Amino acid sequence: MSSVVISGTGLFTPAYSISNEELVASFNAYVQRFNEENKEKIESGEVAALQESSADFILKASGIKSRYVLDKEGVLDVDRMHPYIPERSNEEPSVQCEMAVDAAKKAMTEAGKTPADIDAVIVACSNLQRAYPAVAVEVQSALGIDGFAYDMNVACSSATFGIQAAVNAIESGSARAVLVVNPEICSSHLNFRDRDSHFIFGDACTAILLEKAETATSQHQFAVIGTKLKTLFSNNIRNNFGFLNRCDESGIGKPDKLFVQNGRKVFKEVVPMVSEMIVEHLGGNDIDASRLNRMWLHQANLSMNQLISKRVLGREATAEEAPTILDTYANTSSAGSIIAFHLNKQDLNGGALGVICSFGAGYSAGSIIVRKV
């Protein structure tokens, strides 16, 4: 089997950013209006009054200071409070294709590869804008890549699951090089009228190019030492939006058709699950945690990342050992750990060891051990 390396990564960042202060101003205006319009029902106990939020509350709860979005105006419009992303004709590139092509071209440039060098495209993300044709096939066509392409969804772990699929394809000889692309439009499935979650997500797209080690020529190469995936069913993170909604009109527009989670249970259950998985993965590859130079963790919640890295290392991790991009990008689902990797890999010396780790709905978790070449 061929040895596999990550030879390039790319990042698409939307043009608009929303600060906590801007988001809170919009949310609190909605809360004030709701409470005023429902004053009598609130006083009678028929309706519960909504509670205002604050920028400090968001920062303390998540570590997030701002997030990038495809559309800012629609999100902050109190009468709308969700992005406005116009539909496109079937003859135009889809929104996710456009994001993916941007990130993919950057990854290809970094890897020094052309479309002729690549045999497969995997679009792996938590939300796909249509059922078919596959967005991946559209991206493949837009890039001029011959071969095959497919979509996959394992929520926040989609990127790491996609990396393992790419590694398998290269090791088996069915592809020389594979592009894994993660176009996440998380603002579209977020309930901006929910105090507990309206601040969590942002939009972004990442791309990872994997290829045979013997063909890699880029400056920053990371050999894939091992991959490990895990899933465990849970309803604590869920989104019930889907094509069957039209079969029961009573559910249309209900909060469960957007992102919902039981944050406390997620924290309590996911932290030990992920920590143990990483430790087991390292041990299975005869790597002591003390040898780790970097952990590129899923960017969902700062406290979760700090606790996971502490359990793995047996001590508090430094900012360099467990870099955070959560403060400016927020949670970008599957793209988060790859953004952290993309922005914090160049400074490592040859031989440095690291773990790219994702975790989220499913539950799902993925661990990729890499070594700087």
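Which helix contributes the largest share of the lining of the second largest pocket? In this predicted model, that share comes from helix H5 (residues 95–111), which supplies 3 residues. Helix H5 also packs against helix H6 (residues 135–143), with axes that come within 10 Å.

**Helix H5 against helix H6**

- The axes of H5 and H6 cross at roughly 55°, and the two helices are therefore oblique to each other.
- The crossing of H5 and H6 is right-handed.
- On the H5 side, the contact is formed by Gln96, Cys97, Ala100, Val101, Ala104, Lys105 and Met108.
- On the H6 side, the partners are Val135, Glu138, Val139, Ala142 and Leu143.
- The contact of H5 with H6 contains 9 nonpolar, 1 polar and 2 charged residues.

**Helix H1 against helix H3**

- Helix H1 (residues 20–37) packs against helix H3 (residues 55–62) at an angle of about 120°, and their axes lie 9 Å apart.
- This angle makes H1 oblique to H3.
- H1 passes H3 in a crossing that is right-handed.
- Asn20, Glu21 and Val24 of H1 meet Ala55, Ile58 and Leu59 of H3.
- By class, the residues of the contact of H1 with H3 are 4 nonpolar, 1 polar and 1 charged.

**Helix H8 against helix H9**

- Helix H8 (residues 263–284) and helix H9 (residues 302–313) have axes 9 Å apart and pack at an angle of about 35°.
- The crossing of H8 and H9 is right-handed.
- H8 takes part through Val266, Phe267, Val270, Val271, Pro272, Val274, Ser275, Ile278, Val279 and Leu282.
- H9 takes part through Ser303, Met304, Leu307, Ile308, Arg311 and Val312.
- The contact of H8 with H9 has 13 nonpolar, 2 polar and 1 charged residues.

- Most peptide bonds are trans, and most residues other than glycine have a negative phi.
- Tyr132 and Pro133 are joined by a cis peptide bond, with omega of about 0°.
- Pro133 is located in the loop between strand E4 (120–124) and H6, the helix that packs against H5.
- Gly362 and Tyr363 are likewise joined by a cis peptide bond, with omega of about -10°.
- Tyr363 belongs to the loop between strand E12 (353–360) and strand E13 (364–372).
- Ala155 is not a glycine, yet its phi is positive, at about 55°.
- Ala155 sits in the loop between strand E5 (148–152) and helix H7 (158–172).

Notes:
Residues numbered from 1 in each chain as written. Predicted model: local features only at pLDDT ≥ 70, side-chain atom pairs only at ≥ 80, totals over all residues. Heavy atoms only, no water. Axes fitted to C-alpha atoms, helices over the stretch in contact; angles between N-to-C directions. Helix = DSSP H or I, 4+ residues; strand = E, 2+ residues; numbered from the N terminus. Parallel < 35°, antiparallel > 145°, perpendicular 65-115°, else oblique. Left-handed = near helix turned anticlockwise from the far one by under 90°. Contact = heavy atoms within 4.5 Å. Nonpolar A, V, L, I, M, F, W, Y, C, P; charged D, E, K, R; others polar.
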